[in-house]
Amino acid sequence: MLVWLDQHMEECMMGWMITAGIIMVFLILGPSAPYGRHVRKGWGPTLPAYIGWFIYETPALLGTFLFFYLFQGKISAGTAIPLVLWGIHYTYRAWIYPFRIRSRAKHMPYMIAASAILFNLGNTTILGWSFAQQDPISLSEWIRSWHHIVGLAVFGLGMFINHQSDAILLSLRKTGESHYSIPYGGFFRHVSSPNLLGEIIEWIGFAILSWHLGAVTFAVWTMANLIPRAMENHRWYKKSFEDYPSDRKILIPYLW
Ligand SMILES: NC(=O)c1ccc[n+]([C@@H]2O[C@H](COP(=O)([O-])OP(=O)(O)OC[C@H]3O[C@@H](n4cnc5c(N)ncnc54)[C@H](OP(=O)(O)O)[C@@H]3O)[C@@H](O)[C@H]2O)c1
């Protein structure tokens, strides 16, 4: 299997990208993924949402390192820096964020958790392979390339916006509460889903600093998943709160 993937990974990546495009069209035209405020009946049995996050993001955390190792990647500044950034992001998302969610009553369908695991396995295979293809470079060479520095800055900005927005959202409830209210402060002054905006910026930055098709593919997938969700969130806020700030945009400050 690994040998076959090693020989056909570029075709697999193209298929993966086309699938992302189709899913984006489906999500924009159809209903949003059924978790969180958009959860609906009819998706089969469910599990507590925070356990779901832990279970399906753990393969994302570990998979990239595992496949990098299995495809015999070499550690150098060019691979170590993005892999450390990946580890920081996903340690938070898989092992810290779920336990900061204060509502234990919220559930998600097993089907969502299972599809996220499948996605994470596919995505980390592509990323692990892509990093393993890179020629080793030293730290001084790494620092001299403009795209590494720009990518790192963009990634850092995205992570800041994402964490700040997550923190604002999670602070809206006390332990055990599950009601919704209007978030204020940070980038919520400008857009309805700054956590998703931050996530998209992060993975664009990651693609710029990693400089391979695997990371670009992941950035495209993230947009395919989160842009339709941000549109749905914005519609939901306007429908749910009469006093929702009218100048707040969907995802791009001042524009959209
Ligand atoms: N890389 C990717 O493709 C990807 C995909 C999905 C998510 N993520 C990241 O994972 C994180 C969570 O995503 P998400 O889609 O679950 O975000 P979300 O819908 O904004 O929810 C985040 C948390 O805040 C709570 N919350 C949201 N709006 C609230 C409000 N108005 N009042 C009170 N509580 C509120 C939610 O509770 P409920 O669950 O009860 O609604 C949930 O616990 C984000 O940082 C996102 O960027 C990344």
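**Exercise 1. Determine how the shell around the ligand in this predicted model divides by residue class, and which elements contribute to it.**

Solution. Step 1: sorted by class, the shell around the ligand holds 9 nonpolar, 8 polar and 6 charged residues. The model under study is a predicted one.

Step 1: the shell comprises 23 residues, and the closest to the ligand are G36, L169, L172, N195 and E199.

Step 2: two or more shell residues come from each of the elements α6 (146-170), α7 (194-210) and α8 (213-240).

**Exercise 2. Describe the secondary structure of the chain and decide whether its radius of gyration agrees with that of a compact globule.**

Solution. Step 1: the chain contains 8 helices and 2 strands. Read from the N terminus, the order of elements is α-β-α-α-β-α-α-α-α-α.

Step 1: for 256 residues, a compact globule would have a radius of gyration near 18 Å. The chain has 19 Å, which agrees with that expectation.

Step 2: along the principal axes, the C-alpha atoms occupy a box of roughly 55 × 40 × 35 Å. Of the contacts with a separation of 6 or more, 83% join residues 24 or more positions apart.

**Exercise 3. Locate the nonpolar cores and identify the element with the largest share of the largest one.**

Solution. Step 1: buried residues form 33% of the 256 residues in the chain. In soluble globular proteins, nonpolar side chains tend to be buried together.

Step 1: the largest nonpolar core has 36 residues, and those with the most contacts inside it are L197, I200, W203, I204, F206, A207 and A219.

Step 2: at least two residues of this core are supplied by each of α1, α2, α3 (77-100), α4 (110-132), α6, α7 and α8. The largest share, 10 residues, belongs to α7.

Step 3: a second, separate core has 8 residues, among them A49, W53, Y56 and A113.

Step 4: beyond residues up to four places away in sequence, I204 touches V154 and A219.

**Exercise 4. Is helix α1 largely in the open or largely buried, and where does it bend?**

Solution. Step 1: α1 has 28 residues, of which 2 are buried, so the helix lies largely in the open.

Step 1: helix α1 (residues 2-29) bends by about 70° at H8.

Conventions. Residues are numbered from 1 along each chain as its sequence is written. This is a predicted model: local features need pLDDT of at least 70, side-chain atom pairs count only at pLDDT 80 or more; totals for chains, interfaces and linings use all residues. Helices (H or I, at least four residues) and strands (E, at least two) are DSSP runs, numbered from the N terminus. The radius of gyration is taken over C-alpha atoms; the globule rule is 2.2 Å times the number of residues to the power 0.38. A residue is buried if 20 or more other C-beta atoms lie within 10 Å of its own, exposed if 12 or fewer, and partly exposed in between; C-beta atoms are placed from the backbone. Two residues are in contact if their C-beta atoms, placed from the backbone, lie within 7 Å. A residue is near a molecule or strand if its C-beta atom, placed from the backbone, lies within 6 Å of it. Ala, Val, Leu, Ile, Met, Phe, Trp, Tyr, Cys and Pro count as nonpolar, Asp, Glu, Lys and Arg as charged, and the others, Gly among them, as polar. The bend at a residue is the angle between axes fitted to the seven residues ending there and the seven starting there. A nonpolar core is a set of buried Ala, Val, Leu, Ile, Met, Phe, Trp, Tyr and Cys residues joined through C-beta atoms within 7 Å.
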